[in-house]
Amino acid sequence: MIHPTESVAAALVKAGITIPAVPKPAGAYVGAIRTGNLVVTSGQLPWVDGKLLHIGRIGAEVSEAEGKACARVCAINALAQFQAAIGDLEAIRRIVRVEGFVHCAPGYRGHPRVLDGASHLFNELFGDRGIHTRVALGITEMPFDAPVQLVIWAEVA
Amino acid sequence: MIHPTESVAAALVKAGITIPAVPKPAGAYVGAIRTGNLVVTSGQLPWVDGKLLHIGRIGAEVSEAEGKACARVCAINALAQFQAAIGDLEAIRRIVRVEGFVHCAPGYRGHPRVLDGASHLFNELFGDRGIHTRVALGITEMPFDAPVQLVIWAEVA
Amino acid sequence: MIHPTESVAAALVKAGITIPAVPKPAGAYVGAIRTGNLVVTSGQLPWVDGKLLHIGRIGAEVSEAEGKACARVCAINALAQFQAAIGDLEAIRRIVRVEGFVHCAPGYRGHPRVLDGASHLFNELFGDRGIHTRVALGITEMPFDAPVQLVIWAEVA
């Protein structure tokens, strides 16, 4: 967990993460918007260089570990959206909310473990400012058959 | 796309849209609430004169084009809710967020195309102020078997 | 419905409700966060003394009446989260939004009746300040096989 005075940029270097270019939206919308002191992303999918990291349902075509890796990639893409929307990740005062949508095979209920892939990353990069609320939902049909979709809300200075 | 100084009222006339009466809620809640500079709707279904425009799952009983028309009607009903809650659509500074819930038959994944029915309308009526974030989820059981449900968040003056 | 000047504490006594200890989160997140004048909970499940009130799908293993009771318990747990996050339920100026996720057996569409279990409680405890917006979604896979999950947004002083 980072020291309160450490920068997010330093934490990203320590974690070996480079913020990617923002993924292109799938329709007539944008990736993130600031309103007042809140910034909210569109639904983030696990795009890596224009391809989904995995495809399918967790508990069937995709393993729990692969799903957790997808949640981490969605979180990194959300940071890319924040950076594009507000210019600087240091302006994030706290991560407020993680909406976690998990593409589940029938009977799969490990949503919390999958979504910890995103939650742990926010805690690692933002320390106390990364502590957030979360909702976990099992979804049967996901755009592009993606295993995970995340929406992130943050409070900004 | 409207000129920044054009009124929403004029854009509605140009699009041939009359804002309907607000649909009656399905339970013990209201259609929209303002909090600070945000206004958020309840889930909007494609009601037209007290009847759903279509009924069933997209990809089965309902075609993609019909689903897209439903998303447009949900968006118009959201505008009715905003007008009832804040008095005047000109007070909308921007559409912030579209939560799009699509009633999918197994294997249907055209959510983004369906939801563009709402997104295009917001872009048409509000111009730059209509650019929004969006999340698209496939839902298996929908209240009243509706094909689409939308929640809209806007920032108001 | 309470008189505008009556305290929430008095309304809780009248309803025979004791605010429980906050349920432990299922992962690396917290139960509620305040941002500006908004406070939002994580997804609340119907935990009672560390056990879910019911388990399974409404319309199959769980009856509609049991589902409605679950929605009420989720709402009480949300109040526990608010109390822990903001210190005092009297600081709630209004309930803004109820996100209602209902674990549905195939073909079950009584979401609004189930969620009224929460909506009626907010109206009973908060009077005019308890009037809220709501979204109702049928979910096929729920964490811990819970019948209902709620997220509550409130505006605070």
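# A short tour of the model

Hi everyone. Let's begin at one residue: leaving out residues up to four places away in sequence, Leu121(B) touches Arg72(B) and Ala75(B). Touching, or being in contact, means that the C-beta atoms of two residues, placed from the backbone, lie within 7 Å.

A word on what you are looking at. This is a predicted model, where local features need pLDDT of at least 70 and side-chain atom pairs count only at pLDDT 80 or more, while totals for chains, interfaces and linings use all residues. Residues are numbered from 1 along each chain as its sequence is written, and chains are lettered from A and ligands numbered from 1 in the order in which they are written.

Back to Leu121(B). Its place is in helix α3 of chain B, residues 111-126. Helices (H or I, at least four residues) and strands (E, at least two) are DSSP runs, numbered from the N terminus. Is Leu121(B) buried or exposed? Leu121(B) is buried, because 23 other C-beta atoms lie within 10 Å. The cut-offs are 20 or more other C-beta atoms within 10 Å for buried, 12 or fewer for exposed, and partly exposed in between, with C-beta atoms placed from the backbone. Ala15(B) is 106 residues away from Leu121(B) in sequence, yet the two C-alpha atoms are 9.1 Å apart in space.

Now please turn to chain A and its sheet. The sheet is open, with five strands in the order β1-β2-β7-β5-β6 and mixed pairing. At the edges are β1 (32-35) and β6 of chain A, each pairing on one side only. From one strand to the next, the twist averages 15°. Two strands count as paired if DSSP finds at least two bridges between them.

Let's go through some of the pairs. β1(A) runs antiparallel to β2(A), residues 38-41, over four bridges, and Arg34(A) has Val39(A) of β2(A) as its bridge partner. On to β7(A): β2(A) pairs with β7(A) in the antiparallel sense over three bridges, with Leu38(A) opposite Glu155(A). β5(A) is also antiparallel to β7(A), over nine bridges, and there Val98(A) stands opposite Ile152(A).

How many residues of β7(A) are buried? Nine of the nine are, so the strand is largely enclosed by the rest of the structure. As a reminder, in a regular strand the side chains alternate between the two faces of the sheet. In β7(A), Val148(A), Leu150(A), Ile152(A), Ala154(A) and Val156(A) point one way, and Gln149(A), Val151(A), Trp153(A) and Glu155(A) point the other way.

Next, the helices of chain A. α2(A) and α3(A) pack at an angle of about 35°, and their axes are 7 Å apart. Axes here are lines fitted to C-alpha atoms, for helices over the stretch in contact, and angles run from 0 to 180 degrees between N-to-C directions. The residues that make this contact include Ala71(A) and Ala75(A) of α2(A), and Leu121(A) and Phe122(A) of α3(A). By class, the contact has nine nonpolar, two polar and five charged residues. Nonpolar covers Ala, Val, Leu, Ile, Met, Phe, Trp, Tyr, Cys and Pro, charged covers Asp, Glu, Lys and Arg, and the others, Gly among them, are polar.

How do the chains meet? Between chains A and C, 26 residues of chain A are in contact with 22 residues of chain C. On chain A's side, the elements that give two or more residues are β5 (92-103), α3 (111-126) and β6 (133-139). α3(A) gives the most, with seven residues. That side divides into eleven nonpolar, ten polar and five charged residues.

Gly27(A) sits in the loop between α1 (8-15) and β1 of chain A. Leaving aside neighbours within four places in sequence, Gly27(A) is in contact with Pro112(B), Leu115(B), Asp116(B), Ser119(B) and Arg134(B). Gly27(A) counts as buried, because it has 20 C-beta neighbours inside 10 Å.

Finally, symmetry. A rotation of 120°, with 0.0 Å of shift along its axis, superposes chain A on chain B with an RMSD of 0.0 Å. That is the relation of a three-fold axis. The superposition is by least squares on the C-alpha atoms of residues with pLDDT of at least 70 in both copies. Only 9% of the interface residues of chain A are also interface residues in chain B, so the copies meet through different surfaces.
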